[in-house]
Amino acid sequence: MIDSGVQALDLETIEVMEAGDLSVEIGRVTVTIQPPGAPATIVQNGKSVVVWRRQKDGTLKIAVDTFNTDRR
C-alpha cells in the first residue's frame with residue numbers, strides 16, 4: 001500500500017455486534033493516497049466489516065476483514 005502512495009488510513013468503528021464466539025465490527029474507512037507522479041492527493045471514503053472469532057484462550061482473532069469505497 002505504501003508503494004501505491006497511501007499516506008493515511010483512518011478507521012472508525014460505528015457498531016459492534018456479538019453472537020456466541022463471533023463479534024462483527026461495522027465501520028467507516030478513510031484512505032488518503034498520493035499516487036506516484038500524480039499532481040493531487042486523493043481521499044477515498046468507504047465502509048468496512050470485520051468479523052472476529054473468539055479463540056479457546058479467550059482472545060479474538062480476525063476471521064474476515066473487508067472494505068469497499070463509496071466512490072462510484
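Strands here are DSSP runs of E with at least two residues, and helices are runs of H or I with at least four residues, numbered from the N terminus. By that rule, Val16 lies in strand β1. The model is predicted, so local features need pLDDT of at least 70 and side-chain atom pairs count only at pLDDT 80 or more, while totals for chains, interfaces and linings use all residues. Residues are numbered from 1 along each chain as its sequence is written, and side-chain values use heavy atoms, with hydrogens and water left out. An open sheet of four strands and a largest pocket of about 350 Å³ are the main topics below.

**The sheet**

- Strands of a sheet pair through backbone hydrogen bonds, either parallel or antiparallel.
- Two strands are taken as paired if DSSP finds at least two bridges between them.
- In this model the four strands follow the order β1-β2-β3-β4 in an open sheet, and the pairing is antiparallel.
- β1 and β4 are the edge strands, each pairing on one side only.
- From one strand to the next, the twist averages 20°; axes are lines fitted to C-alpha atoms (for helices, over the stretch in contact), and angles run from 0 to 180 degrees between N-to-C directions.

**Strand pairs and turns**

- β1 and β2 run antiparallel and are joined by twelve bridges.
- Across this pair, Glu12 stands opposite Arg28, and Val16 stands opposite Glu25.
- The hairpin of β1 and β2 has two residues between the strands, and Gly20 takes a positive phi near 60° there.
- β2 and β3 are also antiparallel, with twelve bridges joining them.
- Val31 stands opposite Gln44 of β3, and the bridge partner of Ile33 in β3 is Ile42.
- Nine bridges link β3 and β4 in the antiparallel sense, with Lys47 opposite Asn68 of β4.
- Five residues lie between β3 and β4 in their hairpin, where Gly58 in the turn has a positive phi of about 95°.

**Residues in β1**

- Relative accessible area sorts residues as buried (under 20%), exposed (over 50%) or partly exposed (in between), using a 1.4 Å probe and protein chains only.
- Val16 counts as partly exposed because its relative accessibility is 49%.
- Contact means heavy atoms within 4.5 Å; leaving aside neighbours within four places in sequence, Val16 is in contact with Val24 and Glu25.
- The C-alpha atoms of Val16 and Val50 are separated by 9.4 Å, although these residues are 34 residues apart along the chain.
- Ala8 is also found in strand β1, and its 28% relative accessibility is why it counts as partly exposed.
- Not counting residues up to four places away in sequence, Ala8 touches Thr30, Val31 and Thr32.
- Ala8 and Ile33 are 25 residues apart in sequence, and their C-alpha atoms are 7.2 Å apart in space.

**Residues in β2**

- Ser23 is found in strand β2 and, with 8% relative accessibility, therefore counts as buried.
- Beyond its neighbours within four places in sequence, Ser23 is in contact with Met17, Glu18, Val50, Val51 and Trp52.
- Thr32 is found in strand β2 and counts as buried because its relative accessibility is 18%.
- With residues up to four places away in sequence not counted, Thr32 touches Gly5, Val6, Gln7, Ala8, Thr41, Ile42 and Val43.

**The largest pocket**

- Rolling a probe the size of a water molecule over the atoms shows where empty space is left.
- On a 1 Å grid over the protein atoms alone, a pocket is an open set of points with protein on both sides within 12 Å along at least five of seven lines, whereas a cavity is a set where a 1.4 Å probe fits but cannot get out; lining residues have an atom within 4 Å of a point.
- Grid points are joined across faces, edges and corners, and a volume is the space filled by probe spheres set on the points.
- The largest pocket holds about 350 Å³ of space.
- Its lining has 23 residues, and the closest to the centre are Leu9, Leu11, Val29, Ser48 and Phe67.
- At least two residues of that lining come from each of β1 (6-19), β2 (22-33), β3 (42-54) and β4 (60-69).
- Eleven residues of the lining are nonpolar, eight are polar and four are charged; nonpolar covers Ala, Val, Leu, Ile, Met, Phe, Trp, Tyr, Cys and Pro, charged covers Asp, Glu, Lys and Arg, and polar covers the others, Gly among them.
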